[in-house]
Amino acid sequence: MKKVIKIIAVVFVMFLLVFEFASPLILAPTAGFFIDPSSSTSGQYIIDANDNEYIESSTNISFQRIELDGAYHTEGASVADINNDGLMDIATGHYWYEAPSWTRHTIRAPLQDAVGIPKLSDYVKIYIESGGEKDIWSKAYPLAFFSFHDDVNKDGWVDVIAVDITSAGIWWLENPQGAQGEWPQHKIMDFSRNESPIFADLLGTGKPQVITGAAESADASGKLYAIEFPESGGFNIHTIEADNEGRNTGATLPTHGLGMGDINGDGLQDIVFGSGEGFLDKDGNPAERQSYDEGGWYEQQISAQGVLSWKWHIIDPMVSLSQIQVIDVNGDGKDDLISGMGHGRGLFWWEQMGNDQWKAHLIDDTYTQPHATEMADIDGDGVGDIITGKTPLAHMGLKDPDEYGTPYLYWYKIVKSENGEPRFERHLVDDNVGVGRQVSVVDINNDGLLDIASGTRHGVHIFLQERE
Ligand SMILES: [Ca+2]
Ligand SMILES: [Ca+2]
Ligand SMILES: [Ca+2]
Ligand SMILES: [Ca+2]
């Protein structure tokens with residue numbers, strides 16, 4: 001009997017050691033146990049479409065991958081000339097990487113407990129530190145998700161505007177004019193509530209604003225805001241949603257999916273958004289369908305007296321999306337939408353049919369969790385291309401379909417098929433790191449060709465475009 005107890009004890013200790021030092025070995029199989037690969041995060045809601053509208057095609061465009069950082073500190077990366085030397089650098093909410101050698105400099109040190117995959121000691125530490133209150137979910141991602149750039153204090157040095165992981169803050173981080181060490185941090189809002197904020201000129205000021213969901217308290221439903229950085233310096237917060245709406249985020253859960261475009265063609269930019277992540281209340285229990293489960297768009301209206309208001313239109317269903325790109329896919333004069341299921345399967349486009357009717361088309365469902373999209377003219381033909389890919393371990397390997405699958409990074413070119421229907425030429429950029437929550441497409445090395453910057457669980461990488 002003692003022997004049996006000994007064996008059990010040894011096996012248990014072995015299990016704990018594997019959990020501590022090789023968590024993926026324990027966690028990877030659980031993804032398969034609980035997930036229906038055809039379902040969205042909650043298993044309740046997915047667009048049923050099997051007709052992929054992408055085609056494989058060859059191109060003279062390739063990309064050279066360069067690793068700037070092999071560690072996991074961020075779910076996004078952005079591009080700006082941080083040190084004013086005329087060379088574009090790469091930034092995240094924690095570090096910047098100086099061109100051309102990509103030396104890493106600290107902006108804001110990552111929290112020690114921002115881990116990639118929960119280990120046994122993470123669970124224990126977090127449980128003890130919180131007095132038994134918190135679980136791993138509050139700590140298992142880095143703070144840094146999204147970074148944007150403007151010279152907020154007008155001192156001639158570009159600053160970082162960081163939209164942190166949901167329920168963390170929105171900050172502007174003040175460039176110390178070349179000095180080393182952590183940058184001064186200035187809070188803009190306390191509770192970010194969106195996993196696809198965008199930086200675009202919604203208000204027609206001539207400069208982009210940060211458009212994001214956010215909340216004024218920990219328990220409040222979020223609303224949609226435009227954070228403006230005026231020429232006079234500082235920032236102004238504009239509320240887009242009325243107090244009683246809160247459609248752009250559900251309870252304390254993050255909303256996914258934001259985009260901007262002139263949906264109704266009246267010359268005013270409108271804002272389009274996905275639903276809440278979907279269908280769990282803040283305690284993680286299945287929730288009744290709520291208004292915030294509906295995607296839609298806010299029509300910008302300006303009255304004869306100059307009063308700005310936002311009229312809501314439902315687009316249903318658009319669940320748990322990444323950034324939404326607005327472009328006229330089929331050339332009928334009406335803008336359409338392109339986005340991916342951030343925590344599910346499929347990159348889609350929604351065709352604007354008129355009378356507020358939208359038709360979903362599946363572009364590509366051969367991989368899951370396209371949790372970041374961007375639109376940019378990769379091949380220089382004057383038409384926007386879509387850049388997206390798979391977010392590795394988008395829910396830490398615990399609940400999304402195929403979280404451990406190959407982390408593809410693709411660009412898609414919109415073309416017309418022989419019968420005149422739009423098709424998407426798919427081109428592989430890389431299959432080693434994927435995308436996080438923010439992928440940036442900018443000419444990084446100033447050779448006239450657009451490059452890509454990505455921050456994921458596999459580190460921070462750039463992809464430099466090359467032509468044959
Ligand atoms: Ca530079
Ligand atoms: Ca500045
Ligand atoms: Ca409009
Ligand atoms: Ca169209």
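**Confidence, a sheet and a loop residue**

The chain has an average pLDDT of 85, and 82% of its residues score at least 70, where pLDDT is the predictor's confidence in each residue on a scale from 0 to 100. Residues 32-49 have a pLDDT below 50, and beyond near neighbours in sequence this stretch has 39 contacts in the model, two residues being in contact if their C-beta atoms, placed from the backbone, lie within 7 Å. The model is predicted, so local features need pLDDT of at least 70 and side-chain atom pairs count only at pLDDT 80 or more, while totals for chains, interfaces and linings use all residues. Residues are numbered from 1 along each chain as its sequence is written, and chains are lettered from A and ligands numbered from 1 in the order in which they are written.

Four strands form an open sheet in the order β2-β30-β29-β28, with antiparallel pairing; strands are DSSP runs (E, at least two residues) numbered from the N terminus, and two of them pair if DSSP finds at least two bridges between them. Because β2 (61-69) and β28 (439-442) stand at the edges with a single partner strand each, one side of each is left without a neighbour in the sheet. Between β28 and β29 (residues 451-456) the antiparallel pairing runs over four bridges, and Val441 stands opposite Ile452 in β29.

Asn432 lies in the loop between β27 (422-430) and β28. Leaving aside neighbours within four places in sequence, Asn432 is in contact with Arg65, Pro407 and His458. Asn432 and Arg65 are 367 residues apart in sequence, yet 9.3 Å apart in space, C-alpha to C-alpha.
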